[in-house]
Amino acid sequence: MLIPLDYYRILGLPIQATAEQLQQAHRDRTLQLPRREYSEVALVARKQLLDEACAVLSDSDGRKAYDASFLAKTYDRESEAAQEAKHQRSKTSAGTATVLQDAGEIAPPESKALEAAPDPHTPSIEIDDNQFVGALLILQELGEYELVQKLGRPYLNNGSIAIAEGRFGDPQLVRPDIVLTVSLACLELGREQWQQGQYENAARSLEAGQEVLLLEGLFPSVRGEMQADLYKLRPYNILELLSLPEEKVAERRRGLEILREMLQERGGIDGSGDDRSGLGIEDFLRFVQQLRKHLTSSEQQTLFEAEAGRPSAVATYLSVYTLLAQGFAARQPSMIRRAKLMLMQLGRRQDVHLEKAVCSLLLGQTEEASRALELSSEKEPLAFIREHSQDSPDLLPGLCLYAEHWLQEEVFPHFRDLANQSVSLKDYFADPKVQAYLEALPQDAETANEWVVVQPRSGKPPGRLQPTAGRSPAAIPPPPPTANQGASTVTLTPVPADTSSAASGPKSPAKAAALGAVAVSLPTATAAQPADSTPKQRRRQHSGRSGATGKGVTGDLVDRARTKAAEISTQVKSMPRNRLALFLVAGVLSLLLLWFILSLLASAMQALSGPSLQGEQALIGLETPPVEIPPVSVAPEPGAAVSGAITEESAEQIVQSWLSAKAAALGPNHAVEELKQVLTEPALSRWQLMAEAQERNNAHQRYVHKLQVNGVTPNPTNPDRAQVEAQVAEKAEVFDRSQLVTSRNENLRVRYDLIRQDGQWRIMDWQVIK
């Protein structure tokens, strides 16, 4: 049978090789044994071909004759010798079975094409049938991977006659050798395509090799190598598939499916699971950042919102970017509001005040945007904003300019469908849908997340996404710090929502249009006017005015009676004398009525001052009751404050009461009054404001808590103060108008500060210990 090989290639030598080089190459090739999985049959056949090549080329006369034929086939393609060689090979092939004829299992059209003699200009040699496995092995070593598959695959079909008849040797040994050679060719071809950037073709080659081994049930170690390469190839394959045009729906869907498989194995974007890709957490984050530009905004929203539910801080932040971009591009402020609510969940771990300021601006909440800027520690963006707000009493002009630049340069480019869109705040605020939504938006600031880390102002918090010039756009934050990074105490402060309607800024269409004008012309901004006072404030003002005279209710009645009498006297003087008697009677009746009213008031005041006791009085002291009162045991009500000495049991009851009150106050029923039973200042007022703001915004949260008290530390200098350290597992779901916005599942070490007031223990504040 003819094999497309030549003796020089078998030994790995050029045609100009010397005799010494020939002997050295033969020794090296003989010592370079193939993989240990090959049988002795394959090794013997391979050595026979090496020895034959060395023997022909070592004989000077034989080498001259071979070189003449070799050069004729290579360079004299149109020569008579080439035509004769073709005719001779065709005669030989008529009596000698070719490789594909022996297989006898190829479809007729392919069979006819493969039965033809090799290319006349390609050198080939005649080999014995029992050398076929050795020839395949040499071709595989020479990198002829596609040729190996073309020659070897036909013999792997079920019921191959040539192998079954033992034409190439013992079928029990030959078949596994062919399977191994073809699968290794698939493995090496896949790696070669990988290096060439043909990732999808590489995956197909590796999968084809796996399929061959699975069908035959052979060589699990080789199959493991292929699977390991497939795992490492997946990120490259995903990038290639997702970068295809959007018309390639099936291919892009396959890329997303592979990505979800990787995320599931890793346990999320910032998970530490092993997906066997060889990418660490930081490398995988860079990979996700790289593929974002190949995904549309809707694809990213579906992907990252699902990942944010694990929960994942990185996925939550990417969801914020997606909602913000989609909301601005589609003129849907509701998506921007969702993004803002999700940012509040991130505020515990990193400084996201700048992003919150942009969201507040796009929601028309200018005062809240200004407060967010004051809390931000981003030096470069704040310097840019202040520079462009020099002639304004606030930072609104600079924030508008920064928001436009940030959306255009650092947000939109990461979305396939938004990269070429322009950003205009004027067009956004002029949109009727935007104006209608802002007008209907609740007048209060959004409710913040209850756990907010007070970050040090001396430096940047770790993992902050840097959305400014000179930094990687939208860089992905690292995962939360692990336990082995050391213990540090961070003060947590609940952030109340501002009850002033001025915090919301412009809400009417006219004010939204005004914001659009600011975004374009950047004139001097006008400070927002304060809103009307709350009902409680109005009640206080009314009470103050009522008490300003210093008389109270009694004085008010007396004044009114005197005024009435004076009016009657004036009228009497102006009347005719014939009617004087009538008015005198009326005056007397009025005086009698006044006297009656004053008598009633005097009696009421005497009753309030208590009865006047006559005679000698009993000596009674508050500290010594006249009759001994037996103690009465009253079971404490659920959620009531705890009195007495602080113990672990009572501390657990106090903290559990707080968690229950928190769930009730922020829950769908908004039972704010329960906070007073367990909290005191400064925590009480903050949480009351937060709960009231959630009720006004039609938002609520649902909690599931698990509590374990680790220890109680009384204050050595003040018996009315103590600290309680507890492990709190909190699962929370945040709802906006009965729609689930986000969820989180956290396990926190919390240190509670307790104080005893009026004999009852209450919680003042708390800290989370990292």
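How many disulfides does a search of the whole structure find? The search finds 0 disulfides. Keep in mind throughout that this is a predicted model.

**Stop 1: two cysteines**

Select Cys359 and Cys400. Cys359 is buried, at 0% relative accessibility. Cys400 is buried as well, and its relative accessible area is 0%. Cys400 also takes part in the helix contact at the next stop.

**Stop 2: a helix crossing**

Two packed helices are described by the angle between their axes and the distance between the axes. Select helix H19, residues 353-362, and helix H22, residues 396-411. Their axes come within 10 Å and cross at roughly 100°. Angles of 65 to 115 degrees count as roughly perpendicular, so that is the class for H19 and H22.

Now show the side chains. From H19, pick Leu354, Glu355, Ala357, Val358 and Leu361. From H22, pick Leu396, Leu399, Cys400, Tyr402, Ala403 and Trp406. These two sets meet. By class, the contact has 10 nonpolar residues, no polar ones and 1 charged.

**Stop 3: salt bridges**

How many salt bridges does the structure hold? There are 30. Visit a few of them.

Begin with Arg46 and Glu141. Their side chains meet in a salt bridge, 3.1 Å from N to O. Arg46 sits in helix H3 (residues 40-58) and Glu141 in helix H8 (residues 132-141), so the pair ties together parts that are 95 residues apart in sequence. Check the surroundings of each partner. Arg46 is buried, with a relative accessible area of 3%. Glu141 is partly exposed, at 29%.

Go on to Asp275 and Arg266. The closest N and O atoms of this salt bridge are 3.2 Å apart. Asp275 is buried, with a relative accessible area of 1%. Arg266 is buried too, at 3%.

Next, select Asp720 and Arg756. Their salt bridge spans 2.9 Å, N to O. Asp720 lies in the loop between strand E5 (699-714) and strand E6 (721-736), while Arg756 belongs to strand E7 (residues 739-757), so the pair ties together parts that are 36 residues apart in sequence. Asp720 is partly exposed, with a relative accessible area of 30%. Arg756 is partly exposed, at 23%.

Finish this stop with a group selection: Arg35, Glu37, Glu188, Arg191, Glu225 and Asp229. Salt bridges link these residues in a network.

**Stop 4: positive phi**

Which loop holds Phe219? Look between helix H12 (199-216) and helix H13 (220-242). Phe219 is not a glycine, yet its phi is positive, about 50°. Phe219 is buried, with a relative accessible area of 14%.

Then select Arg276. Its phi is near 60°, again a positive value in a residue other than glycine. Arg276 lies in the loop between helix H14 (249-266) and helix H15 (281-291). Is Arg276 buried or partly exposed? Arg276 counts as partly exposed, at 41% relative accessibility.

**Stop 5: cis peptide bonds**

Zoom in on Arg310 and Pro311. The peptide bond from Arg310 to Pro311 is cis, with omega near 10°. Pro311 is in the loop between helix H16 (297-308) and helix H17 (313-329).

Last, select Glu681 and Pro682. The peptide bond that joins Glu681 to Pro682 is cis, and its omega is near 10°. Pro682 lies in the loop between helix H29 (648-665) and helix H30 (683-696).

Conventions
Residues are numbered from 1 along each chain as its sequence is written. This is a predicted model: local features need pLDDT of at least 70, side-chain atom pairs count only at pLDDT 80 or more; totals for chains, interfaces and linings use all residues. Side-chain values use heavy atoms; hydrogens and water are left out. Helices (H or I, at least four residues) and strands (E, at least two) are DSSP runs, numbered from the N terminus. Buried means under 20% relative accessible area, exposed over 50%, partly exposed in between (1.4 Å probe, protein chains only). A disulfide is a pair of cysteine sulfur atoms within 2.5 Å. Axes are lines fitted to C-alpha atoms, for helices over the stretch in contact, and angles run from 0 to 180 degrees between N-to-C directions. Angles under 35 degrees count as roughly parallel, over 145 as roughly antiparallel, 65 to 115 as roughly perpendicular and the rest as oblique. Contact means heavy atoms within 4.5 Å. Ala, Val, Leu, Ile, Met, Phe, Trp, Tyr, Cys and Pro count as nonpolar, Asp, Glu, Lys and Arg as charged, and the others, Gly among them, as polar. A salt bridge is a side-chain nitrogen of Lys or Arg within 4 Å of a carboxyl oxygen of Asp or Glu.
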